[in-house]
Amino acid sequence: MEDHLPQRVRVERRAVSEDESRRANGPDWDRYADEYQATHGGFLGDTGFVWGPEGLTEDEAGVLGDVSGRDVLELGSGAGQCSRWVRVHGGTSYGLDLSARQLQHSLRIDEATGIAVPSVRGTATALPFADASYDVVFCSFGALQFIADLDAAVAEVARVLRPGGRFAFSITHPTRWSFPDDPSDAGLTAMSSYWDRTPYVEVDDDTGLVSYVEHHRTLGDWVSLLAGHGFRIVALVEPEWPEDHDRVWGGWSRVRGRLIPGTAIFAADLAVG
């Protein structure tokens, strides 16, 4: 879960539709975007590519492979930092995000850096691109955890990728679902079932509306979903917490990171033919 609880919310665990998830998470990110960029922008870098709170970069991980001359799409692109890294490394990248405010920050950094990332507002479950448009689709801690209809999103990724194309993404490590979202020692005791896939829901006390939703899948769910859409998993990276890394990011911290994984990074290639 993220570190942006509204002032007056109650937490529930219940089923939530794709439409309800989208109507909650888009405005939530609009509200949170300024704080997010102010707090984490320096860590991310205007032209940087960080896969998660551990600080593992794409320069270190090499999950995407060589992006030079490649057409690349970023899902949940936010302010476009990762997509700018792709352009610096010779790729042609584009962004997609549900939050209009995040895309405004992307335009701001486009102007500041002189490295523009064409981006659109949209959802990963209905990508506004033609079939076989991209060589690489990636998502760095972006859209996937906030989507109810993940099957539709992965099908869309497969549709817009060219045969043999790479799909890479980072998510909260599924085992973390069992633990409280607390960066202290209190976050080291498992409190709920890893196999309970009931979404985490925040409801605004003032309006009664759902204001934030996060969805959980097990590692097995991810493997089955990718395989079912013609992907072959080529890597699963579980970054260790660096000894000299003292940053606290929501529920992530050195206290927890040295004992349990916080991030899972998948790389999968679409079948040829």
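Trainee: Which residue follows α3, and what is its phi?
Mentor: This is a predicted model: local features need pLDDT of at least 70, side-chain atom pairs count only at pLDDT 80 or more, and totals for chains, interfaces and linings use all residues. Residues are numbered from 1 along each chain as its sequence is written, and side-chain values use heavy atoms, with hydrogens and water left out. Helices (DSSP runs of H or I, at least four residues) and strands (runs of E, at least two) are numbered from the N terminus. α3 is followed by Gly90, with a positive phi near 95°.

Trainee: Why is helix α3 largely enclosed by the rest of the structure?
Mentor: Look at burial (buried is under 20% relative accessible area, exposed over 50%, partly exposed in between, with a 1.4 Å probe and protein chains only). In α3, the buried residues are Gln81, Cys82, Ser83, Arg84, Trp85 and Val86. The helix spans residues 81-88 and is largely enclosed because its buried residues number 6 of the 8.

Trainee: What covers the buried residues of α3?
Mentor: Helices and strands both take part. The cover includes the helices α1 (18-44), α2 (58-61) and α4 (100-113), along with the strands β2 (71-75), β3 (92-97) and β5 (134-140).

Trainee: Is Ala132 buried or partly exposed?
Mentor: Ala132 is found in the loop between β4 (119-121) and β5. Its phi is near 50°, positive in a residue other than glycine. With a relative accessible area of 35%, Ala132 is partly exposed.

Trainee: What is the relative accessible area of Phe141?
Mentor: Phe141 is found in the loop between β5 and α5 (150-160). It is a residue other than glycine with a positive phi, near 50°. Phe141 is buried, with a relative accessible area of 17%.

Trainee: How many aromatic pairs does the rule give?
Mentor: Rings of Phe, Tyr and Trp (its six-membered ring) pair if their centres lie within 6.5 Å; planes under 30 degrees apart are stacked, over 60 edge-to-face, the rest tilted. The count of aromatic pairs comes to 21.

Trainee: How many residues apart are Phe141 and Trp252?
Mentor: Phe141 and Trp252 form an edge-to-face pair, 5.6 Å centre to centre with 80° between the planes. Both residues are buried. Trp252 sits in the loop between β9 (231-237) and α7 (254-257), and the pair links distant parts of the chain: the residues are apart by 111.

Trainee: At what angle do α1 and α4 pack?
Mentor: Axes are lines fitted to C-alpha atoms, for helices over the stretch in contact, and angles run from 0 to 180 degrees between N-to-C directions. The axes of α1 and α4 are 7 Å apart, at an angle of about 35°.

Methods:
Contact means heavy atoms within 4.5 Å.
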